[in-house]
Amino acid sequence: MSLDDTPPWNDVRNYVDGDWRDPRGPNGQEVVNPATGESISYVGFSSAADVEDAVEAGMAAFETWESTPVEERIQPLFELKRLLEAHQSELAEVLVREHGKTRAEANGELRRGIENVEVACGIPSMMQAGHLPNAAPDIDETAVRKPLGVFTAITPFNFPGMIPLWFLPYAVATGNAFILKPSEQVPVVTERLFELIDRAGFPDGVVQLVHGGVETVNALLDNEDVVGASFVGSTPVARTVYERAATHGKRVQAQGGAKNHIIVTETADLDFAARKTVSSAYACGGERCLANDVVVVDESVYDEFADRLLERARAQTVGDGLDEGTDIGALITPEHETRVRELIQTGVDEGAELLLDGRDVTVDGYEDGNFLGPTVFGDVAPEMTIAREEIFGPVLGLVPVSGLDEAIEILNGSEFGNAASLFTSSGADARTVRHRADVGNLGVNAGTAAPMAFFHFGGRKVSFFGDLHAQGEDMIRFYTDETVYIERWPDA
């Protein structure tokens, strides 16, 4: 397959031990363009034997790769960065066709993935642990980080160009072998990514790709030679992955779902806050764990803010992500569209005021697409379903509150702890929220609290299971273990 191919594309394949192979499992599924309903490829699911082949190849590669000088290990990453940048526009178009998001969103996602490759190129400095001479009489102590073996990552449909790069560059730069199991809903862009990885110069078996569903995931988690696993997805599955991997003694980090809040205080720049809120809630069709879809607004500015937000929400254009001017693309599947529609109806049934209904949106020429327009609820109570459950669609709710204390109480009352944002002109209010908000990512006058690649991606409560997060220094600690050398060399 060439990056220059146009759909319909060939069936996607595994990449094992430096070779492209057809998955040998009995199951598979069509890959469908969410905007058109057309099949664009087919993904077969890997068998247990496919997984075992990849693990064995990874173990064999690790024996040499772990002792390869770190300066040599990062050279393929420099080449991968160059290739990703050279082919970014083509990768973005593939991503849009199988995911549904807009071209601008796809390009932004890929740029953030490339940033992670850049950070991982700094591993020679990041892997340094520590040395203390004369830690005790005549004793010097040195901590040394060492790679551990074969790691895997199971990644979701919503950011197939970025989230694999939260893990892959750090795993291999630190000296490990790595196996990726991407979402079966968006496998084509991952295969295109691996075509570039194949050209970047990694030794066979260091970086591998296996496609599949639940059985493939379980085969990776149960394999005793896989030493660690990363996961990003919904909270129920994250909890299951965490428990299953931990039961087998693996290192594990599992990013779950979210229900993120924006707090708008009485001192906020309301026009700016409305613009950033619309972007946060509706970008990527709301299908992202950083979407802030509950807006907690001080009652003194509630009506004015609602008017400004509705004006901007109504201006959003729904359509094919490849079309110029589209703001909100298609949702991933008809089934997911149905689920979001049902949650909107639940909001109506529970008494929230439907200020803007996106269920009647139509996109000319794309009658088979999975489209929903921007939806806004007013006077949402914190106990309502739409205020508690992750929707993963273009739906937001406004919650009036009597002050900052009540706003923080609502935010912290959520079982999720992924992210939140605050809009204010008060440094005191910002400091209060900074100290009291129980979330892993917090934005101040920023609609989407997305950390740069050199910081870890936070998460708390049922939004994250584990100790060490994706991106940044946490990845170095996750993919290595420290040996402490205690040395004594008496003069005599």
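Helices here are DSSP runs of H or I with at least four residues, strands are E runs of at least two, and both are numbered from the N terminus. Axes are lines fitted to C-alpha atoms, for helices over the stretch in contact, with angles running from 0 to 180 degrees between N-to-C directions. The model is predicted: local features need pLDDT of at least 70, side-chain atom pairs count only at pLDDT 80 or more, and totals for chains, interfaces and linings use all residues. Residues are numbered from 1 along each chain as its sequence is written, and side-chain values use heavy atoms, leaving out hydrogens and water.

Q: How are helix 3 and helix 4 oriented to each other?
A: Helix 3 covers residues 75-86 and helix 4 covers 88-99, with axes 5 Å apart. Their packing angle is about 65°, and 65 to 115 degrees is the perpendicular class (under 35 is roughly parallel, over 145 roughly antiparallel, the rest oblique). The pair is therefore roughly perpendicular.

Q: Which residues of helix 9 and helix 10 make the contact?
A: Helix 9 (214-222) and helix 10 (235-247) pack at about 35°, axes 9 Å apart. Contact means heavy atoms within 4.5 Å. On helix 9 that gives N218, L221 and D222, and on helix 10 V241, R244 and A245.

Q: What is the bridge partner of H131 in strand 6?
A: Look at the open sheet of 3 strands, order 5-6-22, paired antiparallel; strands pair if DSSP finds at least two bridges between them. Strand 5 (128-136) is an edge strand, and strand 5 pairs with strand 6 (139-147) over 5 bridges. In strand 6, H131's partner is T142.
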